[in-house]
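Let us walk through this structure one element at a time. Keep the model in view and follow along.

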Amino acid sequence: MTEIRADENKKNIKSDAPSNEQSMVEGRNAVLEAFRSGKTIDRLYVQEGLKDSTISSILRFAKKNDVNVRFITKQKMDLMSETKKHQGVMAQCSAYKYADIEDIFNLAKEKGEDPFVFVLDEIVDPHNLGAIIRTANVCGAHGVIIPKNRSVGLTSTAVKTSAGAVNYTPVVKVTNISRTIEELKGRGLWFACADMDGEIMYNCNLKGPIGLVIGNEGSGVSRLVKEKCDYIVAVPMKGNVDSLNASVATGILAYEIVRQRRD
């Protein structure tokens, strides 16, 4: 009898899995922001017995948008979860679509600001990608550009870590980062490459239309991409370790750009 129930449970989980045209958003903030941004949600999963203000807000959004809600056990939710950090709520929705370069320029134009973009070179950790998208949103950047190859995409983990920022900040996937930088330079952007051997960020002019280029934690920005950049900038290091997590370094450099853009 136990084996039959286990098989049936697996079938139910498989049927609930999102198709290629769908994605699963996990975590309270991520689901709440998906609703707030107007994203199409097909089904909401809530862990049985959970009651708090955030869950109540999510359920109100679901009712308002006539979304099918399923209350399931923590065990089933754990099995369905990719991140294993669902916080008791997940939403099955239309897949996150990548934006176009023009979406970045249009957003900058709407805000009446010089374009400000993050360019990520071979970021492979979805937690870093999600954190960087979140930073891009809160610091007012107009988009994030990632390569098609040797880079993580908008996985469930990246979406959750972005805490909903992926609903508001365009993420563009391009074939060639170096070529894209050249094209954007032709449209007036300057590019600052993050590198520990660069000029201290306080001494660099980071105003105007700008792209911040960040590499992975192991090898940094690749040589070909670095050669395309106008500045090589560094975060001042005062401690005993000589490197920072990619998303942390992005945040520090991004807010130096924000500071200079305000002056």
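Start with strand β2, residues 41–47. Five of its seven residues are buried, so β2 is largely enclosed by the rest of the structure. Bear in mind that this is a predicted model.

Which strands pair with β2? One partner is strand β4, residues 89–94. β2 and β4 pair in the antiparallel sense, over five bridges. Within that pairing, Y45 stands opposite M90 in β4. Another partner is strand β3, residues 68–72. Here β2 and β3 run parallel, and five bridges join them. V46 has F71 in β3 as its bridge partner. In general, the strands of a sheet pair through backbone hydrogen bonds, in either the parallel or the antiparallel sense.

Stay with F71, which lies in strand β3. G49 is 22 residues away from F71 along the chain. The C-alpha atoms of F71 and G49 are separated by 8.5 Å.

**Two helices side by side**

Now turn to helices α2 and α3. Two packed helices are described by the angle between their axes and the distance between the axes. Helix α2 covers residues 28–36, and helix α3 covers residues 53–64. Their axes come within 10 Å and cross at roughly 30 degrees. α2 and α3 are therefore roughly parallel to each other, since angles under 35 degrees fall in that class. The crossing of α2 past α3 is left-handed.

Which residues make the contact? From α2 come R28, V31, L32, F35 and R36. They meet T54, I55, S57, I58, F61 and A62 in α3. By class, this contact has seven nonpolar, two polar and two charged residues.

**The six-stranded sheet**

Move on to the open sheet of six strands. Its order is β7-β6-β5-β9-β8-β10, and the pairing is parallel. The edges are β7 (171–174) and β10 (231–234), each of which pairs on one side only. From one strand to the next, the twist averages 30 degrees.

Look at one pairing inside the sheet. Strand β8 spans residues 190–200, and strand β9 spans residues 210–215. Four bridges link β8 and β9 in the parallel sense. A192 stands opposite L212 in β9.

Helix α5, residues 101–111, touches β5 (116–121), β6 (143–147) and β7. The direction of α5 makes about 165 degrees with that of β6. α6 also packs on the sheet, touching β5, β6 and β7. The direction of α6 makes about 170 degrees with that of β5.

**From α6 to α10**

How do α6 and α10 cross? Helix α6 holds residues 126–138, and helix α10 holds residues 246–262. The axes come within 9 Å and cross at roughly 15 degrees. That angle makes α6 roughly parallel to α10. The crossing of α6 and α10 is right-handed.

α6 contributes N128, A131, I132, T135 and V138 to the contact. α10 contributes A246, S247, T250, G251, A254 and Y255. By class, the contact of α6 with α10 has six nonpolar, five polar and no charged residues.

Pick out T250, placed in helix α10. Its relative accessibility is 0%, so T250 counts as buried. Leaving aside neighbours within four places in sequence, T250 is in contact with F118, I132, L212 and I214. L212 is the residue that A192 stands opposite in β9.

**The whole chain**

Step back at the end. The chain has ten helices and ten strands. Of its 263 residues, 49% are buried. Take the contacts in the chain with a separation of 6 or more: residues 24 or more positions apart account for 81% of them.

Notes:
Residues numbered from 1 in each chain as written. Predicted model: local features only at pLDDT ≥ 70, side-chain atom pairs only at ≥ 80, totals over all residues. Heavy atoms only, no water. Axes fitted to C-alpha atoms, helices over the stretch in contact; angles between N-to-C directions. Helix = DSSP H or I, 4+ residues; strand = E, 2+ residues; numbered from the N terminus. Parallel < 35°, antiparallel > 145°, perpendicular 65-115°, else oblique. Left-handed = near helix turned anticlockwise from the far one by under 90°. Contact = heavy atoms within 4.5 Å. Nonpolar A, V, L, I, M, F, W, Y, C, P; charged D, E, K, R; others polar. Buried < 20%, exposed > 50% of the residue type's maximum accessible area, 1.4 Å probe, protein only. Pairing = 2+ DSSP bridges.
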